[in-house]
Amino acid sequence: MKDLLIEVCVKHTEEMMKSKPGSRVLMEVCECYPSAELFTAIVEACVKNTGMLEDPVGHLTLKHIFLSESKKELEDDEPSLARMFYSKFDKCLGELASSNRGA
């Protein structure tokens, strides 16, 4: 079951991030079965569609996954969405943070 859930989330990441029911499934799978493959798909969805960070549901999905991850004590070798996101967007974090989403 785990592998099937991860596979569905990886194949349909962008759609799930923008959908309220889909985002709930995606967040739960990230919480229960964190994987580099899944986190890479999320980061790539943000790269492919930079509007994801402006999407009313997409930005909240990302925020909730970050908040959930921040409550865990991760080892350096464990997959981390925050580390992957930072390594991909480190040059433009200021620009991303200047979004008025949530204001």
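This is a predicted model: local features need pLDDT of at least 70, side-chain atom pairs count only at pLDDT 80 or more; totals for chains, interfaces and linings use all residues.
## A tour of the chain, from surface to ring cluster

Residues are numbered from 1 along each chain as its sequence is written, and side-chain values use heavy atoms, with hydrogens and water left out.

**Switch to cartoon.** You will find 7 helices and 0 strands. The pattern along the sequence is α-α-α-α-α-α-α. Helices (H or I, at least four residues) and strands (E, at least two) are DSSP runs, numbered from the N terminus.

**Show the C-alpha trace.** Along its principal axes it spans about 40 × 30 × 25 Å. The radius of gyration is 13 Å, which agrees with the value near 13 Å for a compact globule of 103 residues. That radius is taken over C-alpha atoms, and the globule rule is 2.2 Å times the number of residues to the power 0.38.

**Colour by burial.** Of the 103 residues, 33% count as buried. Buried means under 20% relative accessible area, exposed over 50%, and partly exposed in between (1.4 Å probe, protein chains only).

**Now select Phe66 and Phe85.** Phe66 sits in helix α5 (residues 58-70) and Phe85 in helix α6 (residues 81-89), so their pair ties together parts that are 19 residues apart in sequence. The two rings are edge-to-face, 5.4 Å centre to centre, with 75 degrees between the planes. Rings of Phe, Tyr and Trp (its six-membered ring) pair if their centres lie within 6.5 Å; planes under 30 degrees apart count as stacked, over 60 as edge-to-face and the rest as tilted. Phe66 is partly exposed, at 24% relative accessible area. Phe85 is buried, at 9%.

Phe85 and Phe89 make a tilted pair: 4.5 Å centre to centre, 35 degrees between the planes. Both lie in helix α6, 4 residues apart, about one turn of the helix. Phe89 is buried too, at 7% relative accessibility.

**Keep the three selected.** Ring pairs link Phe66, Phe85 and Phe89 into a cluster. The count of aromatic pairs comes to 2.
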